[in-house]
Amino acid sequence: MATKSSLLSNSLFLLPLLNPYVLSADPCGSISGSTISVAANMAAVSLGTDTDGSILCPSSNSSVVGIKPTILNKLDGNRPICRTVADVVYVLDAIGGFDCNDEATREASKYIPLGVYKQFLKPCGFNKKRMGIVRNHPFFELPYTDCKKAPTEHKDNLKKANIDDIMNSTASGEFLANAAEFKLSLNVYLEGLVSSPVRSLVDVIAFNNKFSKLTTEYGQFLFETAQTTEGIDSDVIHSFLNLEKLSRDGFEKLMRENKQDAVVTPGYEFATVLAIGGYLGISVPAGYDIKGVPFAFASED
């Protein structure tokens, strides 16, 4: 017989993820549950991982602050989601450091500033900073009338050809790189579980096939594609090199030539530019559209 607690857990599992401001609006992103919990005051802090927009997109749509981390050698990272920038900074101070179970943090921990991050919480922190505004590309034409009242000082553009190449994840190599890293990372995690019948990506695919009613909405195209990869082979290496080239000739060139400290964009649409180069991004609530759906300004450094 099912217990009351198990029935409650199953019921919660089946609840749809709804935007807490406008129930019919898209909560956006694979970690929308994390942002919704903060936006709805169910939690003061949540953590999410970002590969390409998974933090910035739902943070923008739920009017919370989310940070997309700077990535070293990886396309995925874990960062906090909170109601305020100050809260995010204090959580970063708490979770930053070296984790013996995560080799990637050995290198990343070297870049944590002395005195950690709260020393940079200054009311006038943007004084004398040069900010660029990304505009004039169809991808960034948002439906929000209020959002278009963004400041226009120092407006600069990435070249259209560069943006088009970046946004095509297959042509850029982002999809293949993500798939290869996903398989490797998931297998390492599953192999380290103490007790689980699912020990690899192959087992995950088999489980989903066995219980196909659970996967009919989204399928498992990513899982099956990732399984066909053979580690970091020559094709994956070529993908990483192309992503580096697109970043060097696009975003980095823009910042360098215009001597900018950061770029500001309305919404979250710049996420892919950040993802392929491993750049930092933060989404900060900016207002609400005519339907009451939140939107944000994203700042990229």
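Trainee: Where does Lys259 lie?
Mentor: Lys259 is in the loop between helix H12 (251-257) and S6. Helices (H or I, at least four residues) and strands (E, at least two) are DSSP runs, numbered from the N terminus. This is a predicted model, in which local features need pLDDT of at least 70 and side-chain atom pairs count only at pLDDT 80 or more, while totals for chains, interfaces and linings use all residues. Residues are numbered from 1 along each chain as its sequence is written, and side-chain values use heavy atoms, with hydrogens and water left out.

Trainee: Is Lys259 exposed or buried?
Mentor: Lys259 counts as exposed because its relative accessibility is 70%. Buried means under 20% relative accessible area, exposed over 50%, and partly exposed in between (1.4 Å probe, protein chains only).

Trainee: What about its phi?
Mentor: The phi of Lys259 is positive, about 50 degrees, although the residue is not a glycine. Ser63, also not a glycine, has a positive phi of about 60 degrees. Ser63 is placed in the loop between H3 and strand S2 (65-68), and Ser63 is buried, with a relative accessible area of 9%.

Trainee: Moving to S6, how many of its residues are buried?
Mentor: In strand S6 (residues 262-266), 5 of the 5 residues are buried, so the strand is largely enclosed by the rest of the structure. Ala262, Val264 and Pro266 point one way from S6, and Val263 and Thr265 point the other way.

Trainee: Which strands pair with S6?
Mentor: Two strands pair if DSSP finds at least two bridges between them. Strand S4 (residues 131-134) pairs with S6 in the parallel sense over 3 bridges, with Met131 opposite Ala262. Strand S8 (residues 294-300) is joined to S6 by 4 bridges and runs antiparallel to it. Ser299 in S8 is the bridge partner of Val264.

Trainee: And what is Thr265 in contact with?
Mentor: Contact means heavy atoms within 4.5 Å. With neighbours within four places in sequence left aside, Thr265 is in contact with Val134, Phe270, Ala296, Phe297, Ala298 and Glu300. Thr265 counts as buried, at 0% relative accessibility.

Trainee: Why is the disulfide of Cys28 and Cys57 right-handed?
Mentor: The disulfide of Cys28 and Cys57 is right-handed because the torsion about their S-S bond is about 90 degrees. Both Cys28 and Cys57 are buried.

Trainee: Are Cys82 and Cys100 buried or exposed?
Mentor: Cys82 is buried, with a relative accessible area of 0%, whereas Cys100 counts as exposed at 64% relative accessibility.

Trainee: Where does Gly53 lie?
Mentor: Gly53 is in the loop between strand S1 (45-50) and H3, and Gly53 counts as buried at 7% relative accessibility. Gly53 and Leu274 are 221 residues apart in sequence, and their C-alpha atoms are 8.8 Å apart in space. Apart from neighbours within four places in sequence, Gly53 is in contact with Pro58 and Ala271.

Trainee: On the surface, which residues form a nonpolar patch?
Mentor: Val85, Tyr90, Leu121 and Val284 form a nonpolar patch, with about 300 Å² of accessible area together. Patches are made of residues with over 30% relative accessible area and no salt bridge; like charges are joined within 9 Å, nonpolar side chains (Val, Leu, Ile, Met, Phe, Trp, Tyr) within 5 Å. A salt bridge is a side-chain nitrogen of Lys or Arg within 4 Å of a carboxyl oxygen of Asp or Glu. Accessible areas come from the Shrake-Rupley method with a 1.4 Å probe, and for residues only the protein chains shown count as cover. Tyr90 is found in helix H4 (residues 85-95) and counts as partly exposed at 48% relative accessibility.

Trainee: And how many helices and strands does the protein chain have?
Mentor: The secondary structure of the protein chain comes to 13 helices and 8 strands. Of the 301 residues in the protein chain, 41% are buried. The accessible surface of the protein chain is about 17,600 Å², and 58% of this belongs to carbon and sulfur atoms.

Notes:
Disulfide = S-S within 2.5 Å.
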